[in-house]
Every structure is written in C-alpha cells, then in structure tokens.
Amino acid sequence: MAAPPIKFGILGCAEIARKVSRAISLSPNSTLHAVGSRSHEKAAKFAADNGFPDSAKVYGSYEAVLDDPDVDAVYVPLPTSLHLKWAVLAAQKKKHLLLEKPVAINAREFDQIVAACESSGVQFMDGTMWMHHPRTAKMKEFLCDSSRFGDLKAVHCCFTFAAEKEFLENDIRVKPDLDALGALGDVGWYCTRSILWAADFELPKTALALRGTVKNSSGVILACSAFLQWEDGKSATFHCSFLANLTMDLTVVGTNGTLKFQDFVIPFEQDKASFSTAVKSGFTELVTGWDPKPSDHTVMTDLPQEALMVKEFSRLVGSIKYDGAKPEKKWPTLSRKTQLVLDAVKASIDKGYETVEIIS
C-alpha cells in the first residue's frame, strides 16, 4: 500500500508560492495542508485562489504553521534576509525544508541552516526546479560520454529578463534589507548552478566579477557578469540581469562536443524540453557550412519540473518518515557550493573587481 502523502505547509504568500502550490497538488506523493501569512485574511485568500483543499489550515502567522503537528514539510519562499530565522526555526520544529533560492545571504548563514537540519534529522532541498527535469539527466549523459563530449573546456551562461518599472522600484529582489544580492542572488543563482552542474560540481578555484556591474540607488545589483576558472584551466562566464530581454542560454564546450539549450531555467513548454548537441564538428569542403550539423533532442515529461522537484523531495521525506532513512546530503551540498560561488563574485565586486579565491 502506498504511503500517505507528505503534508506541506507554506510560509508566506509570495508569487512563486503559487507555482509551488500547484506543483504540490500535481505531485502524487504530496498534499497542501497549511499556509501561513502575517495576515490571516491574506493567507485565506491565497488558499482560496490556489486550489487548497477545504481541509487545509489557514494561519495568521508563520509560527502557527510550524506548530501544526500534522505538517511534515514546509516550503519557504520568504525574502532571503528572513531565511536564517525561519529555516532554522522550521528545522528545530522537525519540519523538512524546501527553501527558495538563493538559500541565504552568504554561506556562513547557510551553514547555520544546514546545521539545524542535520541536528533535527530533516531533509533540506533548495528550489532549483530545472535540476529535476528529465532533460537534465539526459544532457548529463551526453556530458559524461567521453567519445562524444570529451573533456570540459568552457561554459557560457546567460539569464536575463527585462523587469518592469514596478519591479525595479518595489520588488523584494531590489531591496537591500530583503534580498541584498539582487540579480546575482536571483538569476545569477541559476547561472552559477548550471555552471557547477556542467563541471560535476567541482568548485572553481577563482571568481572574477567583470567590470560593468549595474546597481540601483540602494546599492543592490541589477546586472553583473563574472569569470570563473578552475585549476586545470577550464573556465566559465555568466551574465545575469534584470535589465535585458528574457534569455536563458547555456553552452557547454568540450574537446569533442558541444551542448546548447536556450531555456535552461524554464522550458519553453512544460511537457517537453529540447537541447542540441554537436560532435566533432567541422566545415564542408569550401567552408560554406558545418559537417556534421548539430542534432536536436526532445525530452517529454508527464509532470512539469516543479512538480518533479516536489515529488523527489517528498520521496526523500517519506523515506525518512516511514522507512527510517537518513536525509540525503547531496542537496545541501549542491546548495552550499552554489552559494560559495555567489559569495566570491559578490566579494570581487565589493573589492573593485579583484580576483577572489573560492575556499570551501
């Protein structure tokens, strides 16, 4: 007989929480159990607008969600500056933790969150949805094929979107007291994670922010670029911005092959996603074209990537709750490495574009 679904509580009514609420409903092993906001009225409206079952609890505080004995896990989409307080408290209350990215203001704060999770024996996972799409595993097969891809040499990543005036003036991601990392912590998180993914999560040795960082009047980053380098000579660049047209490009270059895709964070369509590979590329006789040409590949999925994320997280929580398993350490490890690179890029910007060594 199938185990009962994992009961989720949600802290706050952020816009991204609408997407994750839907994902919790779509996932076969999870259910929406509670939502809490600083206003009971706001929480009730959120539950009504986002398909919560009639049995769901509505609370006028975050604490009440954490004090609900029936809540197995919490999703926390609060501003980054509040992550340390509420993530640690959730872990202390024995709630498994699905935490929105960026996971913390810096790695020092994140280490406190992980320590609380480990002390309570609860599962941690961040909200990087694209990691759970079946396309991601399929692309990794190509990167691991030495005959087709070879050795990694370079990664180039770009994630930008053109934010509206209202966003640039009022969104939490441009407020120094709420999300001080700005575009670096938001879209830059995805760039950094994709680069680390391509490099099998081997940390670069150094990070160098490139000149031209754009900040708002409060000093929050609106656009920036960086160069990462490993000891063996491979390198990566990324550009992230709230000020340019929606772009989600990732290119991974090896000695024998190249991987490319243009929607790495959010696929163009939720039920399928594509990528292209080029292997031992060359030119036609008069250099008028490519031979062989790159090939396109499409991967179908029954569930959108955010629901697959919830499904995997709930599977891990269920294994702990019902089978006595230990928390999977892979996910906090990946989060910490991503945070370390962000910290180094931020330090490089703050030091006037000096090269910063990344120390784990």
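Predicted model: local features only at pLDDT ≥ 70, side-chain atom pairs only at ≥ 80, totals over all residues.
**The annotated region.** The UniProt entry, which is unreviewed, carries the annotation "domain: GFO/IDH/MocA-like oxidoreductase" for residues 143-259. Over residues 143-259 the chain is 20% helix and 44% strand. The end C-alpha atoms of that stretch are 8 Å apart.

**Helix α9.** Helix α9 spans residues 187-198 and has twelve residues. From its first C-alpha to its last, α9 reaches 17 Å, close to the 16 Å expected at 1.5 Å a residue. Is α9 enclosed or open to the surface? Twelve of its twelve residues are buried, so α9 is largely enclosed by the rest of the structure. Among the buried residues are W189, Y190, R193 and W197. D200 follows α9 and has a positive phi, near 55°.

**Strands β12 to β14.** Strand β13 pairs with β12 and with β14. The table gives both pairings.

| Strand pair | Residues | Sense | Bridges |
|---|---|---|---|
| β12 and β13 | 257-261 and 272-279 | antiparallel | four bridges |
| β13 and β14 | 272-279 and 295-300 | antiparallel | six bridges |

K260 has S276 in β13 as its bridge partner. K272 stands opposite M300 in β14.

**A nonpolar patch.** F283, V287 and W290 make a nonpolar surface patch of about 370 Å². W290 lies in the loop between β13 and β14. Why does W290 count as partly exposed? Its relative accessibility is 48%, and partly exposed covers values between the 20% cut-off for buried and the 50% cut-off for exposed.

Technical notes. Residues numbered from 1 in each chain as written. Heavy atoms only, no water. Pairing = 2+ DSSP bridges. Helix = DSSP H or I, 4+ residues; strand = E, 2+ residues; numbered from the N terminus. UniProt positions renumbered as here; feature names shortened; annotations may be inferred. Patch = residues over 30% accessible without salt bridge, like charges linked within 9 Å, V, L, I, M, F, W, Y side chains within 5 Å. Areas by Shrake-Rupley, 256 points an atom, 1.4 Å probe, with all protein chains shown as cover. Salt bridge = Lys/Arg side-chain N within 4 Å of Asp/Glu carboxyl O. Buried < 20%, exposed > 50% of the residue type's maximum accessible area, 1.4 Å probe, protein only. Expected span 1.5 Å × (residues − 1).
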